[in-house]
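Have a look at the model first, then read on.

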Amino acid sequence: MKKTLLALAFASAGLLAVPAAFAQNAPTHNDGWFVNGNVGRASIDKGPYNDHDTGYAIGGGYRWAFTPSVALGVEAGYNDLGNIHVKNVFNSNDVVEQGRSKLHGWTAGVNGHFNLAPNWYVSARTGLYSWKGHGLSNDVNPIRKSLDDTSWYAGAGVGYDFSNNVSLGLNYDHYDASKNNVNLDTNMVSVSAEYRF
């Protein structure tokens, strides 16, 4: 986990250092097909869980430019939000054998890319989240359950467009995943990279 936080810190510092070096490469458009990926810290602080792990997401889609600084589009992707330990006030071991959570699923939704300056942007996304997970119920006597459902996800980010084709960003996303008294709602803070064709 320390390596993930260190990578996030370096990536964030890099985002702050690049404007002067790449100012001459200001993008002229941000529409078309794209692929992207994120990696970062996924965390749960509900029910029997209060911990974090490394999560990742990959996706792609298409955006239409409505103005030179506003592009809206559709996206689809897959994520794996790690395995979170059961909270234990006495030590770092699992309270229950095989008690870790697991959450992964497919996303389909809409997104926006909004340039605030020639290279800097903010982004937003939301849509459906078709997920599968395993976790302990929030009961006096927890039961491990395997679940699947369709819910929602939403997120926002900030980043830097190096060119018409390449961006790096820092994102916050929420994935809603609760069912049958098992709460696997997960938040992820991640570094992302995007390539536009």
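**Salt bridges and their surroundings**

Arg-63 and Glu-194 form a salt bridge, with their closest N and O atoms 2.9 Å apart; the term covers a side-chain nitrogen of Lys or Arg within 4 Å of a carboxyl oxygen of Asp or Glu. The pair links distant parts of the chain, since Arg-63 is in strand S2 (residues 51–67) and Glu-194 in strand S10 (residues 186–196), 131 residues apart. A heads-up on the source: this is a predicted model, where local features need pLDDT of at least 70 and side-chain atom pairs count only at pLDDT 80 or more, while totals for chains, interfaces and linings use all residues. Residues are numbered from 1 along each chain as its sequence is written, and side-chain values use heavy atoms, with hydrogens and water left out.

**Overall picture**

- Reading from the N terminus, the order is α-β-β-β-β-β-β-β-β-β-β.
- Of the 197 residues, 41% are buried (buried is under 20% relative accessible area, exposed is over 50%, and partly exposed is in between, with a 1.4 Å probe and protein chains only).
- Take the contacts (heavy atoms within 4.5 Å) between residues at least 6 apart in sequence: 64% of them join residues at least 24 apart.

**Salt bridges**

- The whole structure holds five salt bridges.
- Both ends of the opening pair are buried: Arg-63 has a relative accessible area of 5%, and Glu-194 has 10%.
- Arg-125 bridges to Asp-173, with the closest N and O atoms 2.8 Å apart. Arg-125 is in strand S5 (residues 120–136) and Asp-173 in strand S7 (residues 166–175), so this pair ties together parts 48 residues apart in sequence.
- Arg-125 and Asp-173 are both buried.
- Asp-80 pairs with Lys-102 at 3.7 Å between the closest N and O atoms. This one connects strand S3 (residues 70–80) to strand S4 (residues 102–115), with Asp-80 and Lys-102 22 residues apart.
- Asp-80 is buried at 16% relative accessible area, whereas Lys-102 is partly exposed at 25%.

**The network and Asp-161**

- What joins Arg-63, Asp-161, Glu-194 and Arg-196 into one network? Salt bridges that share partners do.
- Asp-161 belongs to strand S6 (residues 144–161) and is buried, with a relative accessible area of 0%.
- The Asp-161 side chain also makes polar contacts with the side chains of Asn-115 (2.9 Å) and Ser-167 (2.4 Å). A polar contact is a pair of N or O atoms within 3.5 Å; within protein, one must be able to donate a hydrogen and the other to accept it, and residues adjacent in sequence count only if both atoms are side-chain atoms.

**Rings**

- There are eight aromatic pairs in the structure (rings of Phe, Tyr and Trp, using the six-membered ring of Trp, with centres within 6.5 Å; planes under 30 degrees apart are stacked, over 60 edge-to-face, the rest tilted).
- Tyr-62 and Trp-64 have ring centres 4.9 Å apart and planes at 65 degrees, so the pair is edge-to-face.
- Tyr-62 is partly exposed at 23% relative accessible area, and Trp-64 is partly exposed at 45%.
- Trp-33, Tyr-62 and Trp-64 are linked into a cluster by ring pairs.
- The charged end of Arg-63 sits over the ring of Phe-34, 4.1 Å from its centre (NZ of Lys or CZ of Arg within 6 Å of the ring centre and within 35 degrees of the ring normal).

Conventions: Helix = DSSP H or I, 4+ residues; strand = E, 2+ residues; numbered from the N terminus.
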